Amino acid sequence: MWQWLVRLYHRLGSPKWFYEMTERWIFWLALAAGGSAIVGLVLGLLYAPADYQQGDSFRIIYIHVPAALLAQSAYMMMAVAGAVYLIWRMKMAAWVAKVIAPVGAAFCLIALLTGAIWGKPTWGTWWVWDARLTSMLMLLFLYFGVMALQQAMESEEASYKAGAILALVGLVNIPIIKYSVEWWNTLHQPATLKLTEKPSMHPDMLWPLLIMIVSTYLFFALVVILRTRNEILWHERKRQWVRKILES
Amino acid sequence: MHPQRKKRLHLILFLVLAVASAVGLAMYSLSQNINLFQTPTQIANGEVPPGRTIRAGGLVVEGSVERDQQGLGVTFRVTDGQSEVPVFYDGILPDLFREGQGIVALGEVNTEGLFVASEVLAKHDENYMPPEVQAALEQAHQDGKAQMEAAAKEASY
Amino acid sequence: MSLVRATVRRDLLLAARNPGEWANPLMFFLMVAALFPMAVDPNPEFLSKISGGVIWVAALLATLLSLDSLYRADVEDGSLEQWLASGESLYAMSLGKALVHWCISGLPLTLMSPLLGVMLHLPEDAYFALFISLAVGTPVLSLLGAVGAALTASLRSGGLLLTLLILPLYVPVLIFAASAVYHAGIGMAYNGQVAMLGAMLALALALTPFAAGAALKLNLSR
């Protein structure tokens with residue numbers, strides 16, 4: 001097992017291997033992400049029953065929750081990739097961390113916007129400065145900070161390292177977001193999906209949500225892989241194998 | 001001890017001490033009240049001085065909502081299970097506002113103990129279900145209650 | 001350790017000989033706080049409601065103002081290379097530098113806060129809360145800020161970027177501190193908020209010097 005992991009690590013560290021390997025994945029990933037999004041949206045918007053309290057306005061959950069979950073996971077992945085780069089100097093990790101930042105920021109923005117749209121009809125306000133909303137806004141700013149820092153650094157290596165350090169420092173925000181609804185009396189409701197307990201949602205409403213979450217993660221994987229491939233082509237443009245691809 | 005190791009030991013001791021005190025202080029802090037809103041019990045106990053802007057949160061008491069004959073004014077009571085506080089609000093209530101619903105109100109307590117709200121927001125919980133299921137649950141709940149009451153009656157004979 | 005002590009002493013001496021370094025942020029602090037009554041509403045009742053938050057925001061901005069130069073001189077004159085070559089732990093060095101920064105920014109701000117309280121009609125009950133929240137909270141600002149200063153030390157236009165990086169990390173401090181002052185002002189308990197600031201300080205003391213030390217090394221790989 002351990003040896004297998006080491007081998008996988010070395011392979012992942014090789015841009016050429018990654019590029020050739022993902023060539024085959026892209027089509028299936030795109031198909032799976034698109035297909036599950038269609039299924040999830042149709043089930044969620046047309047077939048799931050209306051909520052007993054919120055009526056149809058709860059349906060925005062099918063965008064809001066996946067985007068919010070992904071914004072946080074993406075930040076964690078960015079920080080972990082950054083840490084891998086800092087410790088083992090694996091270039092691929094730095095590229096992955098770099099390409100995740102704008103994607104994560106976009107999902108964070110989507111979560112905030114859909115949250116505002118959901119808040120108006122249910123809570124009666126677009127925005128309230130409670131712990132959950134504020135910490136999510138901070139997450140967006142942290143993404144911006146990482147991106148701005150990477151842009152400002154002159155040497156590429158320094159930009160990766162600086163971004164990784166900032167991402168790791170900002171990691172404190174993640175548990176704050178997660179537990180904000182339990183530590184404080186917030187206006188935002190506690191989590192519906194929990195790892196250890198049964199979700200507090202009717203199965204007819206739950207399935208589309210789970211499908212949408214899977215679909216969002218697949219979409220994220222697809223975008224990150226495509227963007228990483230671009231990084232690889234750019235950084236390895238002087239290598240023989242890339243030239244061959246570009247010529248053909 | 002080797003000076004290098006001694007240094008490392010000092011660093012680790014310092015780190016452990018700092019992290020432990022951070023955890024301790026955070027635990028203490030969370031046991032205090034540092035919330036977005038105050039509970040009706042706190043307001044009823046006079047912990048909130050009158051005339052100061054605060055947020056109050058709780059459940060709207062069933063059957064307590066009274067609308068003014070003219071205008072938008074509405075009075076209701078808010079409870080946390082222990083105490084109740086009367087609330088007055090003059091404005092448009094959110095769609096989700098109804099009896100038994102959780103709300104958060106921004107406003108101040110006047111000298112008579114009435115909470116005058118300038119904004120009322122509705123909280124909704126993390127449970128989602130279709131109305132039929134909710135009705136069925138309610139029914140089951142009441143049936144259960146009736147059965148329990150019947151059982152209690154029988155037992156008392 | 002002697003290197004850290006010498007650097008701290010040198011920096012404090014430099015600050016003492018060059019009062020502008022610490023006095024300018026203080027003047028900034030005073031002026032920002034004075035702008036609010038002029039621009040918004042000089043009514044004492046209104047001011048007493050916002051004074052705690054205004055003082056804290058002003059303190060936060062004043063801290064940022066002096067952060068930019070924290071490591072710049074050391075990077076430019078080669079002191080940083082000397083530190084790295086000396087084998088002295090960068091952890092202790094970053095901690096020492098953050099401490100110096102607090103001594104010339106957060107400490108004077110804390111000592112001057114009652115004056116601002118008077119200017120902005122801070123409720124009488126809130127003076128102690130303001131003082132204690134600044135005393136516990138501003139070191140956190142210095143420690144977090146030192147990470148940002150180390151990250152941007154070798155950049156030409158680092159100042160604005162530093163603000164962008166560090167402000168989101170300052171928000172929790174601001175929330176708890178302002179909440180402590182506000183609750184003290186309306187006569188409610190605020191020990192929970194101060195304890196939370198204390199927890200942040202302990203955590204920042206333990207962890208931020210690692211990040212700052214790692215960030216310092218970046219400035220050599222130019």
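Which helix gives the most to the lining of the second largest cavity? Hold that thought while we find our way around. The model is predicted. Its residues are counted from 1 along each chain.

Start with chain A. This chain has 9 helices and 0 strands. Read from the N terminus, its elements run α-α-α-α-α-α-α-α-α. Picture a box drawn along the principal axes. The C-alpha atoms of chain A fill one of roughly 60 × 35 × 35 Å. Chain A has 248 residues, and 52% of them count as buried.

Now look for empty space. Rolling a probe the size of a water molecule over the atoms shows where such space is left. The structure holds 3 cavities of 30 Å³ or more. We will visit two of them, and then a pocket.

The second largest cavity has a volume of about 60 Å³. Its lining comes from chain A: Met78(A), Gly82(A), Tyr85(A), Ala94(A), Ala97(A), Lys98(A), Val146(A), Gln150(A), Tyr160(A), Gly163(A), Ala164(A) and Ala167(A). Four elements of chain A each give two or more residues to this lining: α3 (61-88), α4 (91-122), α5 (131-152) and α6 (156-169). Here is the reply to the opening question. Helix α6(A) gives the most, with 4 residues. What about the classes of the lining residues? There are 8 nonpolar, 3 polar and 1 charged.

Next comes the largest cavity. About 90 Å³ of space lies in it. Which residues line the largest cavity? From chain B come Arg52(B) and Thr53(B). From chain C come Ser48(C), Lys49(C), Ser51(C), Gly52(C), Leu122(C), Pro123(C), Val181(C), Tyr182(C), Gly185(C) and Ile186(C). Two helices of chain C, α3 (44-67) and α9 (158-185), are the elements that give two or more residues to this lining. Helix α3(C) gives the most, with 4 residues. By class, the lining of the largest cavity has 5 nonpolar, 5 polar and 2 charged residues.

Go back to chain A for a pocket. The second largest pocket holds about 1100 Å³ of space. It is lined by 41 residues. Those nearest its centre are Val65(A), Leu69(A), Arg132(A), Ala191(A) and Leu193(A). The elements that give two or more residues to the lining of this pocket are α3, α4, α5, α7 (173-183) and α8 (203-235) of chain A. The largest share, 8 residues, comes from α3(A). The lining of the second largest pocket divides into 27 nonpolar, 10 polar and 4 charged residues. Helix α3(A) also gives two or more residues to the lining of the second largest cavity.

A nonpolar patch of about 690 Å² is made by Ile38(A), Val39(A), Val42(A), Leu43(A), Leu45(A), Leu46(A) and Tyr47(A). Take Leu45(A) from this group. Leu45(A) sits in helix α2 (residues 15-47) of chain A. Is Leu45(A) buried, exposed or partly exposed? Its relative accessible area is 44%, so Leu45(A) is partly exposed. A residue in a patch must have over 30% relative accessible area, and Leu45(A), at 44%, has that.

For a contrast, look at Leu165(C). This residue lies in helix α9 of chain C. Its relative accessible area is 0%, so Leu165(C) is buried. The cut-off for buried is under 20%. Now compare Leu165(C) with Asp77(C). The two are 88 residues apart in sequence. In space they are 25 Å apart, C-alpha to C-alpha.

Finish with two backbone details. Where is Arg89(A)? Arg89(A) is in the loop between α3 and α4 of chain A. Arg89(A) is not a glycine, yet its phi is positive, at about 55°. Its relative accessibility is 46%, so Arg89(A) counts as partly exposed.

Chain C has another case. His121(C) is found in the loop between α7 (106-119) and α8 (127-151) of chain C. Phi of His121(C) is near 55°, a positive value in a residue other than glycine. At 37% relative accessibility, His121(C) counts as partly exposed.

Notes: Chains lettered and ligands numbered in written order. Predicted model: local features only at pLDDT ≥ 70, side-chain atom pairs only at ≥ 80, totals over all residues. Heavy atoms only, no water. 1 Å grid on protein atoms, 1.4 Å probe; cavity = no way out; pocket = protein on both sides within 12 Å on 5 of 7 lines; lining within 4 Å. Points joined across faces, edges and corners; volume = space filled by probe spheres on them. Nonpolar A, V, L, I, M, F, W, Y, C, P; charged D, E, K, R; others polar. Patch = residues over 30% accessible without salt bridge, like charges linked within 9 Å, V, L, I, M, F, W, Y side chains within 5 Å. Areas by Shrake-Rupley, 256 points an atom, 1.4 Å probe, with all protein chains shown as cover. Salt bridge = Lys/Arg side-chain N within 4 Å of Asp/Glu carboxyl O. Buried < 20%, exposed > 50% of the residue type's maximum accessible area, 1.4 Å probe, protein only.
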